Amino acid sequence: MSHVLYATRPVILFSQNYLPMAEINLKRAAVLLVTDRAVPLSLMESGDEKVWQMRSPHRILNIPKHIRLTVGGSDRIWKVPPVNRREVLRRDRHTCQYCGSQKQLTLDHVIPRAQGGQHTWDNVVAACSPCNTKKGACTPLQSEMALQRKPKAPMNPVVAFAEQFWKERKT
Ligand SMILES: [Zn+2]
């Protein structure tokens, strides 16, 4: 099939349960449509939503901006990842949560373990070695060091995508 690409991933794929899941490219959308694994989904009452066209020698395939899976099982089971160095650094985008440095990163217990702090998503953050040393066995309050944002467990990426999608449509 030959086609013109206006955006890399112009089609929004919804789950069978109408949960917006991901942005996909036209080729993947076409495969899902021609194999009946997805159907067009209209979000507007007027119905005049953007439609992409893919042409081959044998047919013209209209690909709407939104498609919905007809099959289940794609809402993959997702579990909150364990609190370890790799996952915490990923959540904190490899940035010290006190000063913003991206060097010499360590893990810091916001409430120190000696003061009863837990090894949990809301109490472990990425911190550079100098900040960690400066903070020592103190809480942020005691050491007068402020966190750039409140730590929390990572969100299911599918749910996060859905929330972002609906937020952008409202504005
Ligand atoms: Zn730092």
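Tutor: Start at R149, which is partly exposed at 38% relative accessibility. Buried means under 20% relative accessible area, exposed means over 50%, and partly exposed lies in between, with a 1.4 Å probe and protein chains only. The model is predicted, so local features need pLDDT of at least 70 and side-chain atom pairs count only at pLDDT 80 or more, while totals for chains, interfaces and linings use all residues. Residues are numbered from 1 along each chain as its sequence is written, and side-chain values use heavy atoms, with hydrogens and water left out.

The partner of R149 is D92: the two form a salt bridge, with their closest N and O atoms 3.8 Å apart. D92 sits in the loop between α2 and β8, and R149 in the loop between α4 (140-143) and α5 (157-170), so this pair ties together parts 57 residues apart in sequence. A salt bridge here is a side-chain nitrogen of Lys or Arg within 4 Å of a carboxyl oxygen of Asp or Glu. Helices (H or I, at least four residues) and strands (E, at least two) are DSSP runs, numbered from the N terminus.

D92 is buried, at a relative accessible area of 3%. D92 has a salt bridge to R91 as well, where the closest N and O atoms are 2.9 Å apart. R91 is buried too.

In total, the structure holds five salt bridges.

C96 (SG), C99 (SG), C128 (SG) and C131 (SG) are the protein donors of the zinc ion, at 2.3 to 2.4 Å. Donors are N, O and S atoms within 2.8 Å of the metal (3.2 Å for Na, K and Ca); water is not among the atoms, so sites may look incomplete. The angles between the four donor atoms run from 103 to 117°, so the arrangement is tetrahedral. For four donors, that label requires all angles between 85 and 135 degrees. Along the chain the donors follow C-x2-C-x28-C-x2-C. C96 lies in the loop between α2 (85-91) and β8 (105-109), C131 in helix α3 (residues 129-135), so this pair ties together parts 35 residues apart in sequence. Both are buried: C96 has a relative accessible area of 0%, and C131 has 10% relative accessibility.

Now the whole chain. Five helices and nine strands make up its secondary structure. From the N terminus the order is β-β-β-α-β-β-β-β-α-β-β-α-α-α. Of the 171 residues, 36% are buried. Among contacts (heavy atoms within 4.5 Å) with a separation of 6 or more, 63% join residues 24 or more positions apart.

Last, confidence. The mean pLDDT, the predictor's confidence in each residue from 0 to 100, is 87 for the chain, and 89% of residues reach 70 or more. Strand β1 (residues 2-3) is lowest, with a mean of 45, and strand β9 (residues 124-128) is highest, at 98.

Conventions
Tetrahedral: all angles 85-135°; square planar, octahedral: opposite > 155°, others 65-115°.
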